[in-house]
There are 2 protein chains.
Amino acid sequence: MNNLIFRKATKNDLPDIVHMLLDDTLGAMRENHDATLPESYVNAFEKIQADPNQELTVVELDGELVATFQLSFIQYLTYQGGLRAQMEAVRTKSTYRGKGIGRSVFNYAIRRATEKGCHLIQLTTDKRRPDAIRFYESLGFVASHEGMKLTLANF
Amino acid sequence: MNNLIFRKATKNDLPDIVHMLLDDTLGAMRENHDATLPESYVNAFEKIQADPNQELTVVELDGELVATFQLSFIQYLTYQGGLRAQMEAVRTKSTYRGKGIGRSVFNYAIRRATEKGCHLIQLTTDKRRPDAIRFYESLGFVASHEGMKLTLANF
């Protein structure tokens, strides 16, 4: 889609972003969206916004937020001191799915990561989302790695 | 092992760290370790060191560096504004493998991530490293996700 606007999220976008995170089969199990937004989201937003290596991004279509994602730039020593981009929390508003917005999101993210000098863009995706895996493969991503997670006592 | 010392890496450790990254079947294909350390490693080190969310760590045994890893703390909105720890570039010096150092490294990393308030510790591991996958599973990690990577034109 050509008429999408990509910009960094502001605090005013936060309720819409959390709503998109919630509006998802797996996300619904773990997000909290009471009438008042829990303070933990606001605190997290402020830390993300203050970090120059984080780009919490929103996508607008005709003044409405239709997608969100977080792009993180991580500096490593490996690959001769290479910078990586990592995508997380990619969501399209449910009423706007199947319109190519996801593809535009990744075209943007790949361009942005290239501009920043990254040698790689990476993400992990739940094995219970086979459609997502096929979509990422269609963009050129290779499922070369196992994405391993260990939940800690804090949650 | 009980007599290991964990500390943040200093610039003086850099040649030893790069040597450990190189001393690895997959790593040997992508690292560069001429007599003079390429400037790209030094630049990357300085960026890592300046970032409070990055802990490039070395492990000493009797004054010798025997392992290294990088622990990154990434703030997200998901999981009600949760902080994640991510492990990368985990290496034990080849002459010290099979002595339980890897297990001590992960015990340390899990403790450190818990102290920082993380709800999750994550890593991706190459599917061509089956021994590593079994080792991570023995620590409680679950291979619930595909780790997908896309190499960019910059590399």
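Biologist: Which residue of chain A comes closest to the rotation axis?

Modeller: Gly147(A), with its C-alpha at 2.3 Å from the axis. Bear in mind that this is a predicted model.

Biologist: What makes the two copies related as by a two-fold rotation axis?

Modeller: Two copies of a chain are related by a rotation about an axis and a shift along it. Here the rotation that superposes chain A on chain B is 180°, and the shift along the axis is 0.0 Å. The RMSD is 0.0 Å. The copies are thus related as by a two-fold axis.

Biologist: How do you know that the same surface serves both copies?

Modeller: Take the contact residues of chain A. Of these, 100% recur in chain B.

Biologist: On to charged pairs. How many salt bridges does a search of the whole structure find?

Modeller: Over all chains, 20.

Biologist: Why is the pair Lys11(A) and Glu46(A) called a salt bridge?

Modeller: The cut-off is 4 Å between a side-chain nitrogen and a carboxyl oxygen. The closest N and O atoms of Lys11(A) and Glu46(A) are 2.6 Å apart, so the pair qualifies.

Biologist: What makes this a link between distant parts of the chain?

Modeller: Lys11(A) sits in the loop between strand 1 (5–8) and helix 1 (14–22) of chain A. Glu46(A) belongs to helix 2 (residues 39–50) of chain A.

Biologist: Why do Lys11(A) and Glu46(A) count as partly exposed?

Modeller: Buried means under 20%, exposed over 50%. Lys11(A) has 41% relative accessibility and Glu46(A) has 36%. Both values fall in between, so both residues are partly exposed.

Biologist: How do you know that Glu64(A) and Lys93(A) meet in a salt bridge?

Modeller: Their N to O distance is 3.2 Å, within the 4 Å limit. Glu64(A) lies in strand 3 (residues 64–75) of chain A, and Lys93(A) in the loop between strand 4 (83–92) and helix 4 (101–115), so the bridge ties together parts 29 residues apart in sequence. Glu64(A) is partly exposed, at 29%.

Biologist: What makes Arg7(A), Asp13(A) and Glu60(A) one network?

Modeller: Salt bridges that share partners join these residues.

Methods. Residues are numbered from 1 along each chain as its sequence is written. Chains are lettered from A and ligands numbered from 1 in the order in which they are written. This is a predicted model: local features need pLDDT of at least 70, side-chain atom pairs count only at pLDDT 80 or more; totals for chains, interfaces and linings use all residues. Side-chain values use heavy atoms; hydrogens and water are left out. Copies are superposed by least squares on the C-alpha atoms of residues with pLDDT of at least 70 in both. Contact means heavy atoms within 4.5 Å. Helices (H or I, at least four residues) and strands (E, at least two) are DSSP runs, numbered from the N terminus. Buried means under 20% relative accessible area, exposed over 50%, partly exposed in between (1.4 Å probe, protein chains only).
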